[in-house]
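What does this model show about its ligand shell, its core and its loops? The report below takes these topics in turn.

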Amino acid sequence: MGVHLGAHWANIGMDVMLCSRTPPSAQKIVDTLKLGRGYRAYAKAGGEIDVPPPRNPAGAAAYKLSAGSVTDAASADIIVLATMFDNQWAQLEQIKAAIKGKGKIIIDMTNPFLMRPDDGANGIPASEMPPGGPAAVLVHQQKLGDDSVKWACAFKHTLWSLILPDGPAKSFNGVEVLGDDVAVATTMALLERGGWTPRYRGQLQVAPLYEPMGPKAHSMLAAFFTPSGLRRFIGDKLACM
Ligand SMILES: NC(=O)c1ccc[n+]([C@@H]2O[C@H](COP(=O)([O-])OP(=O)(O)OC[C@H]3O[C@@H](n4cnc5c(N)ncnc54)[C@H](OP(=O)(O)O)[C@@H]3O)[C@@H](O)[C@H]2O)c1
């Protein structure tokens, strides 16, 4: 997600830093993207990173795209959480002191309940369950304990392959957004600039309802497998031939 979104945001003129535990590896990605040929690599989670070239490859050389360490993320106005949930707090914790009281916007796209081949999403441990219910953003908010931070969730339901440098792949462009007002407004502006259609769902307290495969989530699958749910999605008429 980080590489696809970084390429996309750089391509729409944002100033983006790809932060990594090994900055030279992020620098290689940055250097490749700036050649305007996209970027392709094996992804540990399964599948690939497969960023195609932008429509205007010549423009890539001017990307405001850089590489940094995990702690360099503290310098950004908007910090995007794009590590697997099980390992995300270990990254965020490293900048906790540096960002304290600075009013950062944090966009959380981590999914604790969507199983991954790399075993990076094992749910929310009972000992860490926030009072507001099972949602990654509430866990991170509680652990960070910084009232100045404005939180948003976005892209949690968006498959990486739909995120292209020039915007969403084809017409699949809706992105669910929820969170604190200022963070939501910023996230929606960012989405609209990139050609996405934000779907506002509410403030932070609704986060457990939109946690993919979470225990409190509106389950699209459950709805799909009941007769009334099925009708909501495809109507009554079926034909088999
Ligand atoms: N994949 C999707 O389609 C999708 C869609 C929506 C939301 N999400 C969410 O977005 C987040 C990232 O998913 P992803 O599929 O983009 O993951 P990914 O390609 O596997 O990338 C995760 C990155 O996290 C870093 N990382 C930090 N600590 C790590 C550790 N202990 N072990 C391994 N890597 C570590 C690695 O970067 P460095 O090695 O450079 O540090 C790695 O490249 C997840 O929370 C996921 O639920 C994914």
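## A proline in an exposed loop position

Pro-215 has 12 C-beta neighbours inside 10 Å, so this proline counts as exposed. Pro-215 lies in the loop between S11 and H7. The model is a predicted one. In it, Pro-215 and Gly-133 stand 9.3 Å apart, C-alpha to C-alpha. Along the sequence, 82 residues separate Pro-215 from Gly-133.

Met-213 is found in the loop between strand S11 (197-202) and helix H7 (220-224). Met-213 is not a glycine, yet takes a positive phi of about 65°. Most residues other than glycine have a negative phi. With 15 other C-beta atoms within 10 Å, Met-213 is partly exposed.

Asp-119 also has a positive phi of about 65° and is not a glycine. Its place is the loop between S6 and H5. Asp-119 counts as exposed, because 10 C-beta neighbours lie inside 10 Å.

## Overall picture and confidence

The chain has 241 residues, and 35% of them count as buried. It has 8 helices and 11 strands. Among contacts with a separation of 6 or more, 68% join residues 24 or more positions apart.

The average pLDDT of the chain is 91, and 89% of the residues score at least 70. Over residues 229-236, however, the pLDDT is below 50. That stretch has 6 contacts in the model beyond near neighbours in sequence. Where pLDDT is low, the predicted coordinates should not be read in detail.

## Ligand shell

Which residues are closest to the ligand? They are Met-1, Ser-20, Arg-21, Thr-110 and Asn-111, out of 26 residues that surround it. By class, the shell has 13 nonpolar, 10 polar and 3 charged residues. Helix H2 (23-33) and helix H3 (85-92) each supply at least two shell residues. H3 gives the most, with 3 residues.

## H3 and H5

H3 has its own buried residues: Phe-85, Gln-88 and Leu-92. They cover an arc of only 30° around the axis, so they sit on the same side of H3. These buried residues pack against S5, H4 and H5.

Helix H5 (residues 136-144) is largely enclosed by the rest of the structure, because 7 of its 9 residues are buried. The buried residues are Ala-136, Val-137, Leu-138, Val-139, His-140, Gln-141 and Leu-144. Just after H5, Gly-145 takes a positive phi of about 60°.

## The nonpolar core

The largest nonpolar core has 60 residues. Within it, Leu-33, Ala-152, Cys-153 and Ala-154 touch the most other members. What does Ala-152 contact beyond its neighbours within four places in sequence? The partners are Ile-105, Ile-107, Val-177, Gly-179, Asp-180, Ala-183, Val-184 and Thr-187.

His-8 is found in helix H1 (residues 2-11). Is His-8 buried or exposed? His-8 is buried, because 22 other C-beta atoms lie within 10 Å. Setting aside neighbours within four places in sequence, His-8 is in contact with Ile-163, Leu-164, Pro-165, Gly-167 and Gly-194. The C-alpha atoms of His-8 and Pro-168 are separated by 9.1 Å.

Arg-193 is found in helix H6 (residues 181-193). With 13 C-beta neighbours inside 10 Å, Arg-193 counts as partly exposed. The C-alpha atoms of Arg-193 and Trp-9 are 9.2 Å apart.

| Pair | Separation along the chain | C-alpha to C-alpha distance |
|---|---|---|
| Arg-193 and Trp-9 | 184 residues | 9.2 Å |
| His-8 and Pro-168 | 160 residues | 9.1 Å |
| Pro-215 and Gly-133 | 82 residues | 9.3 Å |

Conventions. Residues are numbered from 1 along each chain as its sequence is written. This is a predicted model: local features need pLDDT of at least 70, side-chain atom pairs count only at pLDDT 80 or more; totals for chains, interfaces and linings use all residues. A residue is near a molecule or strand if its C-beta atom, placed from the backbone, lies within 6 Å of it. Helices (H or I, at least four residues) and strands (E, at least two) are DSSP runs, numbered from the N terminus. Ala, Val, Leu, Ile, Met, Phe, Trp, Tyr, Cys and Pro count as nonpolar, Asp, Glu, Lys and Arg as charged, and the others, Gly among them, as polar. pLDDT is the predictor's confidence in each residue, from 0 to 100. Two residues are in contact if their C-beta atoms, placed from the backbone, lie within 7 Å. A residue is buried if 20 or more other C-beta atoms lie within 10 Å of its own, exposed if 12 or fewer, and partly exposed in between; C-beta atoms are placed from the backbone. A nonpolar core is a set of buried Ala, Val, Leu, Ile, Met, Phe, Trp, Tyr and Cys residues joined through C-beta atoms within 7 Å. The arc is that of the directions from the helix axis to the C-beta atoms.
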